[in-house]
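Please work through each task before reading its solution.

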Amino acid sequence: MPAMLTGTQKAALVLIQMGKGPAAGVMAQMDEQEIDQITTEITRMRSVDDETLKEVLNEFRRNAGGGFVPEGGMAYAKKLLEEMLGPEGAAEVLARLQSRIQVQPFEFLKDADARQVVSLLNGEHPQTIALVLAHLRPEHASAIMAGLAPDIRAIVAHRIALMDGASPDVVNLVADQLKRKATNLLTAREMTAVGGVQPLVEIINKADAATEKLILEGLSEKDSDLADQIRQLMFVFSDITLLEDRAIQLVMRGVETMTLATALKGAEDAVRDKILRNMSERARDNLVDEIDMLGPVRMSMVEEARSSVVQVIRGLEESGEIMISRDGEDEYVA
């Protein structure tokens with residue numbers, strides 16, 4: 001499955017693919033804040049897999065290239081800025097961004113396969129595991145969480161949610177110890193964040209339906225109030241009724257008819273009605289026929305389909321194309 005990128009990361013990826021000259025011309029039209037954000041992502045970006053590249057370039061209505069994009073990184077960002085702003089201007093921007101783009105303590109784990117990180121963390125104290133996961137990208141941390149033993153998973157989830165912060169000295173000490181341990185274990189594969197309830201919500205949001213269920217069940221046994229708090233912050237399939245009509249229409253463009261038909265098997269009337277009334281008459285008839293033709297469907301398949309729909313919604317929210325209200329306020333579509 002392609003990596004989930006933010007809107008800024010997608011823009012950085014396209015600019016890298018364009019080359020320094022055209023990219024500098026595009027960035028010259030941006031304001032200072034946009035330049036800072038794009039530059040930060042370019043310095044962090046490394047090779048991107050072909051599937052993700054194609055998805056991003058298709059979104060920008062361009063033909064996908066083969067293989068991998070040129071590497072980003074600090075050197076590329078510096079050359080790009082120099083072409084646009086000159087040596088002094090480039091140095092000024094990079095100096096301003098220095099604290100934002102400094103090396104992360106667990107940088108060495110950002111390209112590690114989730115299974116390798118699970119092996120690395122095996123036997124570590126749950127607090128150490130929580131600290132590590134809180135510094136990784138939600139999708140990466142989610143894949144690692146899925147590989148942990150169920151009892152450890154619940155404890156780690158609890159500790160991430162209750163984590164307020166950590167001393168830089170402690171973080172660096174843990175990172176150094178794990179780096180030494182990882183020397184002969186890890187091979188390359190993909191990074192960033194903090195502790196608290198929201199990062200845990202983001203981690204769970206990236207998990208598949210089965211892992212999400214296991215994490216929440218384990219957390220409920222340990223701290224039911226905290227589990228309820230996290231559920232309230234998460235977007236689940238039944239929350240589709242909270243979306244504005246224009247958001248629903250955007251979501252439908254990213255979901256295959258078969259997946260949607262499976263997801264709607266046994267769904268609440270309100271959810272089904274919300275989706276059907278945001279489709280053309282022809283599309284609505286096709287979907288209803290597809291649902292009827294499916295016959296009985298295993299619940300595991302329904303949950304998997306619903307998870308796919310939710311992932312599309314979460315992806316649209318992450319890219320800024322829709323906004324999801326979790327407190328009852330209005331939603332907006334970009």
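Two exercises with worked solutions follow.

The model is predicted: local features need pLDDT of at least 70, side-chain atom pairs count only at pLDDT 80 or more, and totals for chains, interfaces and linings use all residues. Residues are numbered from 1 along each chain as its sequence is written, and side-chain values use heavy atoms, without hydrogens and water.

**Exercise 1.** Determine how helices H8 and H10 are oriented to each other.

Step 1. Helices are DSSP runs (H or I, at least four residues) numbered from the N terminus; H8 covers residues 126-133 and H10 residues 150-162.

Step 2. Their axes, lines fitted to C-alpha atoms over the stretch in contact, with angles from 0 to 180 degrees between N-to-C directions, lie 8 Å apart at an angle of about 60 degrees.

Step 3. Angles under 35 degrees count as roughly parallel, over 145 as roughly antiparallel, 65 to 115 as roughly perpendicular and the rest as oblique. H8 and H10 are therefore oblique to each other.

**Exercise 2.** State whether Ala267 is buried or exposed, and which residues it contacts.

Step 1. Ala267 lies in the loop between helix H16 (257-263) and helix H17 (269-276).

Step 2. Buried means under 20% relative accessible area, exposed over 50%, and partly exposed in between (1.4 Å probe, protein chains only). Ala267 has a relative accessible area of 14%, so Ala267 is buried.

Step 3. Apart from neighbours within four places in sequence, Ala267 is in contact (heavy atoms within 4.5 Å) with Phe237 and Arg306.

Step 4. Phe237 is 30 residues from Ala267 along the chain, and their C-alpha atoms are separated by 9.1 Å. Arg306 is among the buried residues of H19.

Notes. Helices (H or I, at least four residues) and strands (E, at least two) are DSSP runs, numbered from the N terminus.
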